[in-house]
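Me: I would like to go through the labels used for this structure. Please set each value against its cut-off.

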Amino acid sequence: MIKVGILGATGFTGEKLVEILLSHPEVKVTYIASRTKEPVLYSEIFPKFYKKTSIKCQPLNIKEAIDSCDLLFLSLPHTVSMQFVPKILKKGKKVIDLSADYRFKKAAAYKSLYEKEHQDKKNLKKSVYGLPELFKEEIKKAQLIANPGCYPTSIILALYPLLSEKLVKGKIVIDSKSAITGAGRKASIDYHYSDLANNFWAYKPFVHQHQPEVAEILGQNLIKSLTFSFLPQVASFEAGIYSTIHLSFKKKINKNILDKIYNKYYQSYPFIRLGTKIPKLKDVVGTNFCDIGFAVDKKGQNAVVISAIDNLVKGAAGQAIQNMNLMFGFKETTGFLSL
Ligand SMILES: NC(=O)c1ccc[n+]([C@@H]2O[C@H](COP(=O)([O-])OP(=O)(O)OC[C@H]3O[C@@H](n4cnc5c(N)ncnc54)[C@H](OP(=O)(O)O)[C@@H]3O)[C@@H](O)[C@H]2O)c1
């Protein structure tokens, strides 16, 4: 049994972490915190936890957090996580950061995207990108995990097999629709119910920070000579990311070949589902699955690859717990039965 804490437990991803971890057989949740001024029953903040836990949400105190846990999940905004990570690592504890603070190896890349100087450059090289389908062995040995962004999870998992096989040429067009919870719990005019209900819109065309994250993780070797166009959109559903990716092949390909390629890469991964059908969002909401489907045109030259995940589960808290399972030697699927 390991002791874990969640910093940022009142946010969307923190709440999802607590929800899944409370029924994880190898975990005791010993510390949760937010910017609350006084300790407050978690079930008072979220009544759905009434009679499930009597834990109190604490005003964040990093020393108490480190002393009471083997592992800390940081469900904090970027630039906040890097204030705490060095202290946690120094005490020999493990940390899974859900923010973007440790996803880039170069501080300059971070600064250009997040417009802040990185405060903990020396630990950037220690971090492992927590996408188990690509970096399982590194995750097992890591002390610091940079949990991936939600869009990058859906995009990288969809593209990785085809890029690894060097089958794609030219331009890749990525159209991703995200649930409103992707933006966090903070209030904003754009995300007011009356604006968002029955509505959706595109944002940050060409400049969204998740496009460089995808490029960083796939690496020059896989993406050289390709160009990407990524258009994120936010829509009025509660959970999920649906990425539709348009691409062209260097040679003639049919669906059977694609089936074989995706199976080769993912058949041993418990949270990737390769259906014969086009994925539907509701099939993955509330689960840690990434559903991937594809269609090829009659000439065998062009394809659409579609992936669907729950942004708060496989795109955040679920993936973080999958990483925890690997770091502590538990079976990768432990704790997901309740989903
Ligand atoms: N939402 C998603 O789908 C998603 C997916 C992947 C990754 N992420 C990343 O995960 C992180 C958390 O996202 P979220 O959506 O859960 O955010 P959120 O709903 O806005 O929650 C943020 C949490 O951090 C706390 N917090 C905010 N500023 C703080 C500060 N200066 N010091 C200490 N605590 C602070 C908040 O506490 P109070 O409630 O007391 O203010 C709250 O508990 C972000 O970095 C985000 O980019 C999110």
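Me: What makes phenylalanine 328 partly exposed?
Reply: In this predicted model, the relative accessible area of phenylalanine 328 is 23%. Buried requires under 20% and exposed over 50%. The value falls in between, so phenylalanine 328 is partly exposed.

Me: Why does phenylalanine 330 count as buried?
Reply: Its relative accessibility is 16%. The cut-off is under 20%, so phenylalanine 330 counts as buried.

Me: The structure holds 13 aromatic pairs. Why is the pair of phenylalanine 328 and phenylalanine 330 called stacked?
Reply: The ring centres are 6.2 Å apart, and pairing needs them within 6.5 Å. The planes are at 20°.

Me: What sits over the ring of phenylalanine 328?
Reply: The charged end of lysine 94 does, 4.8 Å from the ring centre. The distance limit is within 6 Å. Likewise, arginine 273 lies over the face of phenylalanine 289, at 4.0 Å from the ring centre.

Me: Why is helix H1 described as largely enclosed?
Reply: Of its 10 residues (12-21), 9 are buried, so the rest of the structure largely encloses H1. Those buried residues include Phe12, Leu17 and Ile20. They pack against several elements, among them strand E1 (2-7) and helix H12 (313-327).

Notes
Residues numbered from 1 in each chain as written. Predicted model: local features only at pLDDT ≥ 70, side-chain atom pairs only at ≥ 80, totals over all residues. Heavy atoms only, no water. Buried < 20%, exposed > 50% of the residue type's maximum accessible area, 1.4 Å probe, protein only. Helix = DSSP H or I, 4+ residues; strand = E, 2+ residues; numbered from the N terminus. Contact = heavy atoms within 4.5 Å. Phe/Tyr/Trp six-rings, centres within 6.5 Å; stacked < 30°, edge-to-face > 60°. Lys NZ or Arg CZ within 6 Å of the ring centre and 35° of its normal.
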